[in-house]
Amino acid sequence: MNIINNNTGWIEVICGSMYSGKTEELIRRVHRAEYARQKIQVFKPEIDDRYASDHIVSHSQMKAPSVSVKKPAEILSQVEADTQIVAIDEVQFFSKKIVEVCNKLANMGERVIVAGLDQDYKGRPFGPMPELMAIAEYVTKNLAICVKCGNPANRTQRLTKEKSRIVVGAKDIYEARCRNCHEVLE
Ligand code: ADP
Ligand code: ZN
């Protein structure tokens, strides 16, 4: 991705299934911004404290400090005047208000990088992701590896019979699967 910044903001979306490397890619971009001595703030929804409440952590144990927030509006109020980049992980867990917040930040000149699941465990588009992908300047879609057959995996298999859309968990509850191997357990 070649970005020429003529004093404008923009939105980057990193999406894909679980284990597709979304958080790794977000952290990679955060670290590159740090090498460039740019001021960056990282947020995530409070709901996702699987590994740490003050860091985003990838399944491969890459880490970056982050701040947990309950609502999208809190991101707006916490962004500091000299911040150049706003990164948000697990963005699918926020309400659709996050779309407006990301747009506002980009209009203010921020580089906004968000990472999130594009589909839920049934393969349905997840929360604000379709709108974020539509308004973003850059969309990166990652694939994991299907644990059943080794093909590229674009879905997240829930291994339990729980029905609610949000059940926070990792390898005990979810695995990456391709469209052929993915099934919705009823
Ligand atoms: P995401 O944020 O998309 O859930 P992470 O960035 O946290 O993904 O983790 C990606 C890492 O997960 C990979 O680099 C790899 O080490 C690990 N991993 C575990 N299971 C798989 C899988 N089935 N396919 C690909 N990577 C996997
Ligand atoms: Zn498969």
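User: How far is an oxygen atom of ligand 1 from a polar backbone atom of S20?
Analyst: The distance is 3.1 Å. Keep in mind that this is a predicted model.

User: And a backbone N or O atom of G21?
Analyst: One lies 3.0 Å from an oxygen atom of ligand 1.

User: What about the side chain of K22?
Analyst: A polar side-chain atom of K22 is 2.8 Å from an oxygen atom of ligand 1.

User: How much of ligand 1 does the protein cover?
Analyst: On its own, ligand 1 has 580 Å² of accessible area. The protein covers 78% of that.

User: How many residues surround ligand 1?
Analyst: There are 16. The closest are Y19, K22, T23, E24 and H59.

User: Which element gives the largest share of that shell?
Analyst: That is α1, with 3 residues. Helix α1 spans 22-35. Strand β9, at 144-145, also supplies at least two shell residues.

User: What classes are in the shell?
Analyst: It has 7 polar, 6 nonpolar and 3 charged residues.

User: New topic. How many disulfides are there?
Analyst: The structure holds 0. Take C102: the nearest cysteine sulfur belongs to C15, and it is 14 Å away.

User: Is C102 buried or exposed?
Analyst: C102 counts as buried, because its relative accessibility is 0% and the cut-off for buried is under 20%.

User: Why does C178 count as buried?
Analyst: Its relative accessibility is 4%, so C178 falls under that 20% cut-off too.

How values were computed: Residues are numbered from 1 along each chain as its sequence is written. Chains are lettered from A and ligands numbered from 1 in the order in which they are written. This is a predicted model: local features need pLDDT of at least 70, side-chain atom pairs count only at pLDDT 80 or more; totals for chains, interfaces and linings use all residues. Side-chain values use heavy atoms; hydrogens and water are left out. A residue is near a molecule or strand if one of its heavy atoms lies within 4 Å of it. A polar contact is a pair of N or O atoms within 3.5 Å; within protein, one must be able to donate a hydrogen and the other to accept it, and residues adjacent in sequence count only if both atoms are side-chain atoms. Accessible areas come from the Shrake-Rupley method with a 1.4 Å probe; for residues, only the protein chains shown count as cover. Helices (H or I, at least four residues) and strands (E, at least two) are DSSP runs, numbered from the N terminus. Ala, Val, Leu, Ile, Met, Phe, Trp, Tyr, Cys and Pro count as nonpolar, Asp, Glu, Lys and Arg as charged, and the others, Gly among them, as polar. A disulfide is a pair of cysteine sulfur atoms within 2.5 Å. Buried means under 20% relative accessible area, exposed over 50%, partly exposed in between (1.4 Å probe, protein chains only).
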